[in-house]
Amino acid sequence: MMMDAFVKRLNSSSAQKSPRPDNKQGVLNEPPTKRAKKQEVYDSNEDSDDALRPNSPSLKPLPSVQRINTATSGVDDETPQNSETEGDPPRRTAIESSLPDVKSGKEALEEYEKFKASQGDDDATSAASRLDSRKWVKGKTSLYVDAFNLALNTVLDEESHLFDEKEIHIFDQWKRLSYEAQFLYVRLFLRKAATWHRIARLRYHDDIQDTEAAVGELQRTRDLPAGSSSSQPASESTVPTLGSLAQDQRVFYESFTFADMSEQFITSVEEAVGLLSLDEVKALAKEAKVQGKNKAEIAKSICRMSSRQTGLFSVGLRRSSTAGSVDSPDPGTPEADSPGPGLGEDSNRRRHFLEKILAMTGPCVRLSLPVFRLFERVHLVFYRSTEWTEKSLTTIILAKISKRNFPKYIVSRSANIFASRAQLLEFETAMRTEYAIDNILEFNGPVTEAGFRKIIDTFEEIYPRWKALLKEEQEKEERVYESGEGAYLRRLNPAHSYTRIVHKAAYVFGRLKEHQREHALLTELLDQRLFHLARRGAWYQRKALLEEHYMHALEPVPTYKDAELQKKHWKRIAATTCETALEDRDCHLIYHYDIQKRLVKLEKQLKIPKRLQHDFGHVRLQKPEEHFVEGIQVKKDDIGGKKGRAVSTKTIWMDEAEDGGECSVEAMCLSWYRTQGWKGYHAEGGIMRTLFAYLFFDILFLYIPNVFQTAYQTCPLDLHTDAFYPTRASEINHRLVEIANGGAVRLIEEVDRRERENRTCVVGLSWDYELKDLLELAGCFDGAALAAVCKVMAQEYGQRGGGIPDLILWRTEPNKEVMFAEAKSANDRLSDTQRLWIHVLTGAGVKVALCNAVAKEIRET
């Protein structure tokens with residue numbers, strides 16, 4: 001099968017070592033960047049595929065992280081092919097995070113070109129065979145088309161039952177397209193949106209000799225077989241109708257096109273004006289005698305002038321929000337959300353401006369939305385993930401052609417993750433509904449009362465289905481799944497999205513002061529142990545708060561007539577909730593401190609006898625030490641933001657202890673600590689991720705079904721999710737005991753002896769650290785403290801990979817000691833994630849310091 005070739009393991013003996021970067025003064029030159037995390041409701045921790053994985057357009061973007069919609073940041077029509085625009089560091093998808101770092105954009109294509117061989121064109125060759133032989137032909141095959149076809153062929157080979165007769169026919173028609181038409185489709189498919197593109201500005205001349213012919217081939221109408229499109233199987237009758245929040249047009253009629261023609265579908269000035277450049281809009285505004293401060297305002301003025309009805313400037317589908325987009329129906333099908341009356345009824349002025357705009361743009365092309373969504377569904381099935389990007393599409397191939405060594409593990413790709421087409425479609429709809437709710441709460445400004453009620457209405461619709469799916473999944477967990485098998489698969493169950501919708505509904509009930517409903521929902525969320533386990537700590541916190549402050553008035557106990565007795569009764573319940581949370585194996589360590597504080601407070605208020613009160617003195621947090629380092633600060637007058645960004649707040653200092661050159665505040669503080677007898681790195685958590693990879697190497701690559709779907713992964717797919725820890729709880733806890741008992745040094749030595757020569761690609765593991773330093777650092781750690789840090793990383797690797805203090809320091813004299821230091825200049829403030837790590841470290845008994853850089857002299861240059 002196609003997948004057999006796809007997952008074929010590299011021969012480790014033939015792989016080459018990657019060159020070792022220079023590492024001056026023991027400091028890593030390129031520490032990982034800090035990642036900003038958006039505050040989530042209830043201050044909960046997201047456990048989705050991306051959690052802090054750096055970015056991506058997605059079928060459903062990830063909720064807790066600020067969405068960086070690369071779907072809107074792609075190259076525009078005037079950008080030459082293969083060029084890449086620079087933006088914020090991207091959030092990585094699940095598949096990207098599990099594969100080794102590879103070059104992207106132009107660099108990726110250059111690397112790909114090195115493996116091409118001009119050995120004639122063989123139409124019989126497939127994407128998989130070209131991967132194995134590394135034979136490509138310029139203008140006949142490409143990285144993007146091969147990756148796209150690899151995903152499609154793999155899904156059709158293994159899971160064709162998820163698609164109906166008409167959809168299979170569309171896939172067959174796709175295979176009949178010429179290379180140039182396929183290349184153009186794939187490049188547009190990976191661009192910023194399924195929106196209109198001006199054909200004259202599609203610059204893919206290296207791969208497409210005749211762009212107009214390729215466009216014409218995509219826009220040609222093709223007939224579909226007479227069989228019915230089974231978009232609504234009988235088994236879907238139990239699926240809730242999710243209303244306007246999750247509209248999903250997936251019905252094909254008598255014919256289809258791969259792309260739409262602007263002459264047929266652009267019928268409004270509002271849609272057409274969005275295709276113009278700023279200079280063209282200004283020219284049009286001059287003729288129309290309207291003004292505006294920017295392109296958006298000018299466009300609005302033109303629309304108002306040409307028609308009494310104003311609308312959206314451009315109508316198109318963003319990958320992250322296919323719900324609510326204008327459909328591109330089949331010929332003969334009324335178009336959804338059409339702009340109103342036909343042109344024949346419009347005023348001459350409106351027709352005049354529309355024709356003028358279309359004359360300026362020339363013919364345009366847009367991918368047909370039903371087919372676009374069909375291919376989105378193919379990628380959802382292929383990646384086993386709700387998100388993917390252009391980099392996801394190419395990373396697998398680039399990982400395969402790179403000469404690297406990968407860990408040994410069992411590749412397992414089940415073909416029955418979606419038992420039926422109905423389940424796939426329900427999951428897709430649930431996912432879009434989840435996104436729509438996120439859009440109301442987080443990305444459209446202040447939420448109105450109507451917005452809150454819309455969320456509640458959606459919750460009421462999905463609630464019965466959620467309960468039914470919980471019951472079904474619990475039965476599977478008890479009777480079908482082997483130990484741990486279901487944890488990752490459940491992320492592709494509609495109930496995963498429904499659970500998060502219920503979570504959001506609880507938040508909305510709280511905002512609406514309906515605390516009784518909120519408390520009931522939190523209780524139901526905690527009663528299930530299948531979905532979103534990483535949120536349990538936040539649910540416990542909120543539930544205890546409601547019981548302490550609100551429930552006495554909302555649910556009075558008839559036994560108590562006095563109001564104070566009612567309060568006391570509910571405070572006892574709140575204390576019990578806190579105790580339950582601390583005993584819950586799925587309540588993550590990061591929540592324990594706040595829950596312990598609440599429990600101690602409640603016991604004092606209840607006047608529990610001292611001997612019966614909980615004593616958490618052994619984990620009482622110590623405040624970070626304050627260190628002050630004086631240095632010479634350098635100020636440059638001509639420093640500006642790159643590519644139009646805001647001016648950087650990073651300060652520049654003189655490294656007096658080393659060579660006197662310019663350096664960062666972290667490097668200056670590290671040099672000062674070295675003068676105090678410390679050894680260390682400015683690693684921002686990099687060395688801790690390396691230690692984690694050493695200590696949990698075998699557990700990372702333990703056989704778990706479905707988490708290793710290619711032979712080129714550096715970690716299991718579930719590492720960055722809340723499924724990683726509970727699936728391997730027994731093995732992880734056993735390893736934590738080993739570490740607490742002083743076994744870290746032995747574990748590191750064993751892995752290093754086995755893997756260093758091959759420089760095996762493992763997530764987080766940098767072979768640039770000297771073994772001597774790693775062993776010395778592990779030996780200086782208190783075993784229990786190192787185990788506590790590793791437990792947090794095992795529970796929340798994706799969320800807590802960042803935020804570890806900048807500097808890690810250790811010394812062997814006068815005593816073995818480890819200290820973390822966060823270097824701060826006058827402009828810096830601690831982030832929430834940094835504060836959390838300081839709590840974790842101090843709670844584990846590790847010394848933490850805030851190193852304040854003070855300018856004793858300022859030099860201006």
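## A parallel pair of strands

Helices (H or I, at least four residues) and strands (E, at least two) are DSSP runs, numbered from the N terminus, and two strands pair if DSSP finds at least two bridges between them. Within this pairing, F628 has N852 of β14 as its bridge partner.

This is a predicted model, in which local features need pLDDT of at least 70 and side-chain atom pairs count only at pLDDT 80 or more, while totals for chains, interfaces and linings use all residues. Residues are numbered from 1 along each chain as its sequence is written, and side-chain values use heavy atoms, with hydrogens and water left out.

Strand β8 also pairs with strand β9 (residues 652-654), this time in the antiparallel sense over 2 bridges.

## A three-stranded sheet

Elsewhere, 3 strands make an open sheet in the order β2-β7-β5, with antiparallel pairing. Its edge strands are β2 (197-198) and β5 (259-261), each of which pairs on one side only. Between β2 and strand β7 (residues 364-367) there are 2 bridges in the antiparallel sense, and R198 has C364 of β7 as its bridge partner.

Helix α8 (residues 211-219) lies across β5 and β7, and runs at about 100° to β5. Angles run from 0 to 180 degrees between N-to-C directions, and axes are lines fitted to C-alpha atoms, for helices over the stretch in contact.

## Helices α7 and α8

How do α7 and α8 cross? Their axes come within 9 Å and cross at roughly 80°, so α7 and α8 are roughly perpendicular to each other (angles of 65 to 115 degrees count as roughly perpendicular, under 35 as roughly parallel, over 145 as roughly antiparallel and the rest as oblique). E180, A181, L184 and Y185 of α7 make the contact with A214, V215, E217 and L218 of α8, where contact means heavy atoms within 4.5 Å.

The contact residues of α7 and α8 comprise 6 nonpolar, no polar and 2 charged. Ala, Val, Leu, Ile, Met, Phe, Trp, Tyr, Cys and Pro count as nonpolar, Asp, Glu, Lys and Arg as charged, and the others, Gly among them, as polar.

## Helices α16 and α19

Helix α16 (residues 421-442) and helix α19 (residues 494-511) have axes that come within 8 Å and cross at roughly 25°. That makes α16 roughly parallel to α19. Residues in the contact include F427, M431 and I437 in α16, and Y498, I501 and V508 in α19. By type, the residues of this contact divide into 10 nonpolar, 3 polar and 6 charged.

## Aromatic pairs

How many aromatic pairs does the structure hold? There are 31, where rings of Phe, Tyr and Trp (its six-membered ring) pair if their centres lie within 6.5 Å, and planes under 30 degrees apart count as stacked, over 60 as edge-to-face and the rest as tilted. One of them is the edge-to-face pair of Y185 and F375, at 5.5 Å centre to centre and 65° between the planes. This pair links distant parts of the chain, with Y185 in helix α7 (residues 179-189) and F375 in helix α14 (residues 369-383), 190 residues apart.

## Two backbone details

E813 and P814 are joined by a cis peptide bond, with omega about 0°. P814 sits in the loop between β12 (807-811) and β13 (817-824).

In the loop between β11 (679-682) and α26 (686-695) lies E684. Phi of E684 is near 50°, a positive value in a residue other than glycine.
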